[in-house]
Amino acid sequence: MLGKTANGLFWMARYLERAENTARLIETGQRIALTRLGHSDEEWASVLKSAGVYAAFKADNESITKEGALDWMLRNRDNTSSIRSSIESARQNARLVRTAITGEVWEAVNATYMRTTDMLARKVAERDLPAVLRAIRQNTALVRGMINGTMMRNEIYDFPRIGTFLERADYTARIIDVKYYVLLPSVSAVGTPIDNVHWDSILRSVSASGGFRMQYGAGGGPADIVHFLILDRCMPRSLAFCAHELEGNLANLNASRSEPSIAQDKVRHLQEKYLSGDVATIFDYGLHEFVQAVLGELAELARQIEIDFRFHE
Amino acid sequence: MTTADNFDEMWGTDESLREPYRGFCEWLDLENPARLRAKQREAEELFRLTGITFNVYGKSEAEERLIPFDIIPRIISGTEWLRLTRGIEQRVRAINAFLHDIYHKQEIVKAGRIPEEMISRNDAFLPHMIGVTPPGGVYTHIVGIDLVCTGPGEFFVLEDNARTPSGVSYMLENRETMLQMFPELFSCNRVQPVQNYPVDLRRSLAASAPTGATDDQVVAVLTPGIYNSAYFEHAFLADQMGVELVEGHDLRIIDGRVAMRTICGYKPIDVLYRRVDDEFLDPLNFNPDSMLGVPGIMDVYRAGGITIANAPGTGIADDKAIYSYMPEIVEFYTGERPLLQNVQTWRCSEPDALAYVLDNLEELVVKEVHGSGGYGMLIGPTATKKEIAAFRRKLKARPGNYIAQPTLSLSTVPVFSRSGLAPRHVDLRPFVLVSPGKIHVTPGGLTRVALKKGSLVVNSSQGGGTKDTWVLET
């Protein structure tokens with residue numbers, strides 16, 4: 001398998017995951033804005049921060065408005081992480097690796113691109129927003145399903161998986177980082193409607209609201225949310241879950257190599273040092289500092305994967 | 001030009017149906033036009049979804065277009081095809097013998113059958129190939145012979161595409177689309193399959209490897225990249241053959257072999273099916289600015305370390321000036337009379353021919369010797385006075401750059417238009433695979449159709465479409 005192909009598969013999956021996460025983030029932001037419990041502008045600022053596009057947005061826009069933020073994240077081509085840009089990049093990478101993916105995966109990516117281009121050709125009206133975001137989530141899920149259902153479980157399969165879980169871990173970490181202050185135990189206003197909305201918004205933006213209720217019933221406070229998002233092994237968007245998947249795929253790849261990849265050591269280090277303890281350890285470390293450290297480890301891991309698998313010359 | 005006197009492949013002059021179309025038309029008569037129109041739209045959707053697109057040169061990089069597909073097949077009888085196949089095989093045999101000869105002893109020049117300067121002064125002649133014999137002696141592993149038909153059984157060769165003929169993915173996808181949309185048609189018509197082409201291609205390439213045929217030959221397709229107009233086809237063929245699709249920057253010369261960068265290090269390649277032109281193949285030996293090729297690949301090739309398909313330097317065989325000598329070339333190397341006719345051709349480099357061409361521009365088609373894709377040509381009968389005058393000046397300035405041919409009355413096959421069936425001009429590109437000791441012609445090929453009424457230009461870059469091409473069982 002070509003290094004270039006591994007690179008293309010990795011980024012195809014990363015961009016699709018990014019588009020999906022951005023859609024989920026917008027849904028959450030919109031929900032908070034509509035329930036009017038939060039401060040709307042602040043909320044959009046925090047949505048932009050979670051998406052990792054706040055600085056670029058500020059450089060291009062004087063003030064933060066809902067319309068501005070929405071368009072920036074949905075359609076703006078200067079924003080390489082907007083949903084439109086992400087899907088375009090995903091398709092470009094899929095074209096590049098057309099021979100590695102099945103026809104069904106390619107058609108699912110192409111159909112996602114065709115629908116998205118169509119829906120995002122013009123500014124999205126507020127009343128159309130829910131349908132557009134739902135369609136994006138469904139289409140990206142369709143691609144994931146096709147990868148799952150039609151691709152051989154060989155080295156080609158590992159790279160889209162690695163791209164997906166790296167992007168997902170990165171996203172979950174950023175969500176926590178932007179909202180870490182509402183999760184700190186020192187905040188005394190526990191259980192007020194505002195906090196409930198913030199906690200709920202964090203859970204919703206990683207599609208974990210239902211799972212959390214199932215696990216903790218009507219109870220569950222900030223420490224439980226932190227545990228759920230970082231350490232829970234069953235939650236498919238938690239850091240521990242993503243790291244576990246990454247470790248598994250890197251182990252698969254190592255099995256067929258003469259020289260083991262360093263990336264696997266790095267992900268094991270991440271698991272042992274950060275994701276094996278309990279919530280108390282995390283709060284002792286400092287939630288913000290902890291998440292910053294994990295984000296650093298993830299970036300380093302991505303760099304190592306590029307080197308190990310010869311993505312570039 | 002679409003007058004009653006051109007040959008229609010479906011209908012005879014007395015409105016009688018020609019034999020190969022009988023089974024198809026029985027089906028067509030029972031079809032509802034509204035359903036067919038819906039099917040035509042469905043076909044377009046299928047093409048768009050599978051991404052069968054081509055990029056248009058000179059347009060923005062992102063632009064991808066569909067080649068229009070017409071649902072009425074072009075049908076050729078089994079006996080007619082057999083006759084064509086013999087002619088094609090003979091011609092391809094001659095082309096390979098000619099290429100070997102001009103890069104070695106040049107017997108054909110010594111025998112006075114082709115003027116020496118036609119070779120030595122030809123831009124398509126590649127001095128790097130002098131004295132080089134490709135593995136297995138095969139120069140053109142893949143050939144597309146462009147044929148036109150002017151009457152019952154009257155086929156002429158318009159062009160021999162011996163460099164990197166394209167369009168085979170459309171032959172395959174057109175059939176796939178027809179099978180999906182009208183499965184019943186293939187139950188009641190016995191159509192010879194084309195679907196083996198990718199497997200045949202891989203076998204044929206593997207059989208041409210430097211060490212001879214084995215099952216584990218590493219084959220790869222070299223593409224200029226995703227912005228190339230035929231990128232879809234490159235990816236499609238690599239995918240269908242189950243081989244890697246590589247670009248120049250994935251390759252490197254290691255220990256005298258051409259190797260590709262895999263996730264576990266560099267892996268040597270035995271056969272490279274390149275879809276990159278000669279001059280971009282090797283920046284060390286040819287165009288030094290090329291980013292598409294592999295520095296030093298020609299040296300590996302000359303040392304017998306890799307098979308390049310098609311071999312570098314094959315362009316001289318499909319050069320339009322050499323084309324006019326094809327009847328002599330076929331006779332010289334096969335000792336037989338050519339089974340397929342050439343179109344009469346005036347070489348404007350010759351004073352008598354030039355005088356005739358200048359006197360008859362209104363009647364003739366004039367082409368650039370090195371042009372392709374339907375660009376830079378004059379079609380006398382449809383050109384304006386101004387266009388003819390402009391072309392006359394160009395022709396006088398560089399006569400050696402042009403050849404001229406009579407305007408052929410190309411055959412028509414109906415297309416499914418808004419107002420029902422309408423005759424449109426077509427050509428045919430069958431695809432030929434050559435490996436040591438073997439020539440294989442896939443039954444059918446790519447039928448290109450000029451969608452504009454009366455137009456003779458079938459090129460996809462200029463508004464042409466395609467049809468499925470059926471060869472019936474004998």
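In the predicted model, 14 residues of domain 1 of chain B are in contact with 15 residues of domain 2 of chain B. The domain assignment of chain B places residues 19–342 and 408–471 in domain 1, and residues 346–406 in domain 2. The C-alpha centres of the two domains are 27 Å apart. About 1,300 Å² is buried between domain 1 and domain 2 of chain B, and carbon and sulfur atoms account for 50% of this area. On the side of domain 1 of chain B, the residues that lose the most area to domain 2 are B:K320, B:L408 and B:Q462, which together contribute 36% of what that side buries.

Helix α12 of chain B (residues 320–323) gives the most to the side of domain 1 that touches domain 2, with three residues. By class, that side of domain 1 of chain B consists of six nonpolar, five polar and three charged residues.

The interface between the chains was examined in the same terms. Chain A contributes 29 residues to the contact and chain B contributes 27 residues. The area buried between chain A and chain B is about 2,400 Å², of which 50% lies on carbon and sulfur atoms. In chain A, the greatest losses of area to chain B fall on A:L2, A:R95 and A:T99, together 28% of what the chain A side buries.

Three salt bridges are found across the interface of chain A and chain B. A salt bridge joins the side chains of A:K4 and B:D250, with an N to O distance of 2.7 Å. Polar contacts across the interface of chain A and chain B involve 14 residue pairs, with both residues at pLDDT 80 or more. On the side of chain A that touches chain B, the elements giving two or more residues are α1 (3–35), α5 (83–96), α6 (103–119) and α8 (155–183) of chain A. Of the elements on this side, α6(A) gives the most, with five residues. The side of chain A that touches chain B comprises twelve nonpolar, seven polar and ten charged residues.

Conventions:
Residues are numbered from 1 along each chain as its sequence is written. Chains are lettered from A and ligands numbered from 1 in the order in which they are written. This is a predicted model: local features need pLDDT of at least 70, side-chain atom pairs count only at pLDDT 80 or more; totals for chains, interfaces and linings use all residues. Side-chain values use heavy atoms; hydrogens and water are left out. Domain bounds come from an automatic or database domain assignment. Contact means heavy atoms within 4.5 Å. Buried area is the accessible area (1.4 Å probe) that two parts lose on being put together, summed over both. Helices (H or I, at least four residues) and strands (E, at least two) are DSSP runs, numbered from the N terminus. Ala, Val, Leu, Ile, Met, Phe, Trp, Tyr, Cys and Pro count as nonpolar, Asp, Glu, Lys and Arg as charged, and the others, Gly among them, as polar. A salt bridge is a side-chain nitrogen of Lys or Arg within 4 Å of a carboxyl oxygen of Asp or Glu. A polar contact is a pair of N or O atoms within 3.5 Å; within protein, one must be able to donate a hydrogen and the other to accept it, and residues adjacent in sequence count only if both atoms are side-chain atoms.
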